[in-house]
Amino acid sequence: MRLILLGPPGAGKGTLAEALVEKLQVPQISTGDILRDAVKRGTPIGLQAKTFMDAGELVPDDVIIGILKERLERDDCQSGYIFDGVPRTIAQAKALDDKGVVIETVLLVDAPDELIIRRLNGRRSCPECGIVYHTATKRPQKSGICDACFTTLITRDDDNVETIRKRLKAYHAQTEPLVDYYEAQGKVKYLDGTLRIAESIEEAFKILGIE
Ligand code: AP5
């Protein structure tokens with residue numbers, strides 16, 4: 001399965017990817033996670049990307065395309081993968097097409113901007129193992145502590161209202177055109193991003209025919 005999870009920030013792409021990875025046993029390729037790791041390690045790519053990420057803007061296409069090329073060469077990509085939050089521009093989608101990457105399905109997960117702002121305001125992440133929680137909809141057993149590795153949870157630097165609004169603006173201007181791009185290829189399926197977590201996972205499995 002080669003799947004793209006497309007949708008605005010906070011629509012639940014990462015949460016769905018976690019469930020899909022377990023079900024399909026293929027890797028999740030999240031450029032957001034790869035970039036955050038690069039920022040944490042202080043690599044040249046991380047230093048370059050941080051300015052854009054903090055400003056709620058997209059990281060330049062050449063950086064993302066380079067990351068993707070390297071990631072897709074790894075052995076674990078042989079039987080498929082789930083792209084989470086990538087491609088995000090027409091140039092990125094074209095680079096994948098040019099590389100001969102055949103995408104089977106694009107799952108568009110959409111939700112209204114105001115719901116997204118509430119969701120991202122409540123998101124907490126584990127800086128150690130990457131598990132994502134929410135203060136209202138996915139609480140850890142002990143408040144502020146990761147269930148899996150007991151690390152103190154953090155709020156992502158870009159999860160503040162001002163930056164969330166900028167990320168939404170970037171989504172509508174630069175990423176939404178991908179819906180038409182993949183519609184023209186007959187690949188888009190739609191998932192209601194306002195559903196609760198368990199329902200949205202169940203619905204995604206149904207849509208993808210992997211119940
Ligand atoms: P990235 O990390 O990809 O962030 P994003 O697309 O903004 O998406 P998020 O991770 O914020 O949201 P999500 O949809 O995964 O939601 P989640 O499941 O966590 O990118 C960050 C930055 O990196 C970008 O701004 C850009 O600068 C750069 N970047 C990355 N890729 C790039 C690319 N390809 N090109 C250029 N730049 C790039 O859920 C959110 C919260 O809601 C969680 O707390 C969760 O528990 C909760 N939740 C999830 N689903 C539900 C539900 N159904 N009901 C209730 N709560 C829910």
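**Entry 1**

I started at Asp37, which is partly exposed with a relative accessible area of 37%. My cut-offs for that: buried is under 20% relative accessible area, exposed is over 50%, and partly exposed is in between, using a 1.4 Å probe and protein chains only. Before going on, I noted that this is a predicted model, where local features need pLDDT of at least 70, side-chain atom pairs count only at pLDDT 80 or more, and totals for chains, interfaces and linings use all residues. Residues are numbered from 1 along each chain as its sequence is written, and side-chain values use heavy atoms, with hydrogens and water left out.

Which residue does Asp37 form a salt bridge with? I found Arg41 there, the closest N and O atoms being 3.0 Å apart. I count a salt bridge when a side-chain nitrogen of Lys or Arg is within 4 Å of a carboxyl oxygen of Asp or Glu. Asp37 and Arg41 sit four residues apart in helix H2, so about one helical turn separates them. Helices here are DSSP runs of H or I with at least four residues, strands are runs of E with at least two, and both are numbered from the N terminus. Arg41 counts as exposed, at 56% relative accessibility.

**Entry 1: other salt bridges**

I got 13 salt bridges for the structure. Glu162 counts as exposed at 56% relative accessibility, and Lys166 as partly exposed at 39%. I also followed the shared partners: Arg123, Arg156, Asp158, Asp159 and Arg167 are joined into one network by their salt bridges.

Is the pair Arg167 and Asp158 buried or exposed? Arg167 counts as buried at 11% relative accessibility, and Asp158 counts as buried at 10%. Their closest N and O atoms are 3.7 Å apart.

**Entry 2: the ligand**

Next I looked at what surrounds the ligand. I take a residue as near if one of its heavy atoms lies within 4 Å. There are 35 residues around the ligand, and Thr15, Glu57, Arg88, Arg123 and Leu195 come nearest. I sorted the shell into 14 nonpolar, 11 polar and 10 charged residues. In that sorting, Ala, Val, Leu, Ile, Met, Phe, Trp, Tyr, Cys and Pro are nonpolar, Asp, Glu, Lys and Arg are charged, and the others, Gly among them, are polar.

Which helix gives the most to the shell? H2 does, with four residues. Elements that each supply at least two include helix H1 (13-24), helix H6 (113-121) and helix H9 (197-208).

For polar atoms, I found a backbone atom of Glu57 at 2.6 Å from a ligand oxygen. A ligand nitrogen is 2.7 Å from a polar backbone atom of Leu195. Arg36 has a polar side-chain atom 2.8 Å from an oxygen of the ligand. On its own the ligand has 1,000 Å² of accessible area, and the protein covers 96% of that. These areas come from the Shrake-Rupley method with a 1.4 Å probe.

**Entry 3: the nonpolar core**

In general, nonpolar side chains tend to be buried together in soluble globular proteins. I define a core as a set of buried Ala, Val, Leu, Ile, Met, Phe, Trp, Tyr and Cys residues joined through side-chain atoms within 4.5 Å. The largest one here has 28 residues, of which Leu72, Phe83 and Tyr182 touch the most other members. Among the elements that each supply at least two of its residues are strand E1 (2-6), helix H4 (61-72) and strand E4 (105-110). H4 gives the most to this core, with five residues.

A cis peptide bond joins Val86 and Pro87, with omega about 0°. Pro87 lies in the loop between E3 and H5.

Gln25 is not a glycine, yet it has a positive phi of about 55°. Gln25 sits in the loop between H1 and strand E2 (28-30), and counts as exposed at 63% relative accessibility. Phe150, also not a glycine, has a positive phi of about 65°. I placed Phe150 in the loop between E6 and H7, exposed with a relative accessible area of 63%.

Asn160 belongs to the loop between E6 and H7 and counts as partly exposed at 30% relative accessibility.

Methods. A polar contact is a pair of N or O atoms within 3.5 Å; within protein, one must be able to donate a hydrogen and the other to accept it, and residues adjacent in sequence count only if both atoms are side-chain atoms.
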